[in-house]
Amino acid sequence: MARVVVDVMLKPEILDPQGQAVQRALPRLGFEGVSDVRQGKRFELEVDGPVDDAALARIHELAESFLANTVIEDYIVKVEEVAEAGK
């Protein structure tokens, strides 16, 4: 079994009001030195069987058509190995 992670972020040219609100709040909370904050979404997909080229192609299709609004968002697909219980 493998975990495939799809990270979705607003494109750099798209205004991120939630990220800006967090950035403005950080100094008031005692966190200095953060110059920019961007908010995104993370999807973790548990995949049965191997994550081969065909599986990755389907996941990219899923990300592009369902998980991300590609007009305003970019996405990255990453494969993470899942450790089996007891090992």
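How much accessible surface does the protein chain have, and what share of it belongs to carbon and sulfur atoms? The accessible surface comes to about 6,300 Å², and carbon and sulfur atoms hold 55% of that. Please keep in mind that this is a predicted model.

I will start with the overall layout. The protein chain has 2 helices and 3 strands. Going along the sequence, they follow the pattern β-α-β-α-β. The radius of gyration is 17 Å, well over the 12 Å that the globule rule gives for 87 residues, so the chain is more spread out than a compact globule. Its C-alpha atoms fill a box of roughly 45 × 40 × 15 Å along the principal axes.

Buried residues account for 25% of the 87 residues. As for contacts between residues at least 6 apart in sequence, 75% of them join residues at least 24 apart. On charge, there are 10 positive and 17 negative side chains, and the centres of the two sets lie 6 Å apart.

Which residues form the largest nonpolar core? There are 10: Val4, Val6, Val8, Val47, Ile59, Ala63, Leu67, Ala68, Tyr75 and Val77. The elements giving two or more residues to this core are strand S1 (2-10), helix H2 (53-67) and strand S3 (73-81).

Tyr75 is one of those core residues. Leaving out residues up to four places away in sequence, Tyr75 touches Val6, Asp7, Val8, His60, Ala63, Glu64, Ala68 and Thr70.

Thr70, another of the partners of Tyr75, sits in the loop between H2 and S3. Is Thr70 buried, partly exposed or exposed? Its relative accessible area is 32%, which falls between the 20% and 50% limits, so Thr70 counts as partly exposed. With residues up to four places away again left out, Thr70 touches Lys11, Glu64 and Tyr75. Glu64 is therefore on the contact lists of both Tyr75 and Thr70. Thr70 and Ala55 are 15 residues apart along the chain, and their C-alpha atoms are separated by 20 Å.

The last stop is another loop. Where is Ser35 found? Ser35 is in the loop between helix H1 (17-28) and strand S2 (40-47). Ser35 has a relative accessible area of 65%, and is therefore exposed, since the cut-off for exposed is over 50%. From Ser35 to Ala2 is 33 residues in sequence and 35 Å in space, C-alpha to C-alpha.

Key. Residues are numbered from 1 along each chain as its sequence is written. This is a predicted model: local features need pLDDT of at least 70, side-chain atom pairs count only at pLDDT 80 or more; totals for chains, interfaces and linings use all residues. Side-chain values use heavy atoms; hydrogens and water are left out. A nonpolar core is a set of buried Ala, Val, Leu, Ile, Met, Phe, Trp, Tyr and Cys residues joined through side-chain atoms within 4.5 Å. Buried means under 20% relative accessible area, exposed over 50%, partly exposed in between (1.4 Å probe, protein chains only). Helices (H or I, at least four residues) and strands (E, at least two) are DSSP runs, numbered from the N terminus. Contact means heavy atoms within 4.5 Å. The radius of gyration is taken over C-alpha atoms; the globule rule is 2.2 Å times the number of residues to the power 0.38. Accessible areas come from the Shrake-Rupley method with a 1.4 Å probe; for residues, only the protein chains shown count as cover. Lys and Arg count as positive and Asp and Glu as negative; His and the chain ends are not counted. The place of a charge is taken as NZ of Lys, CZ of Arg, CG of Asp or CD of Glu.
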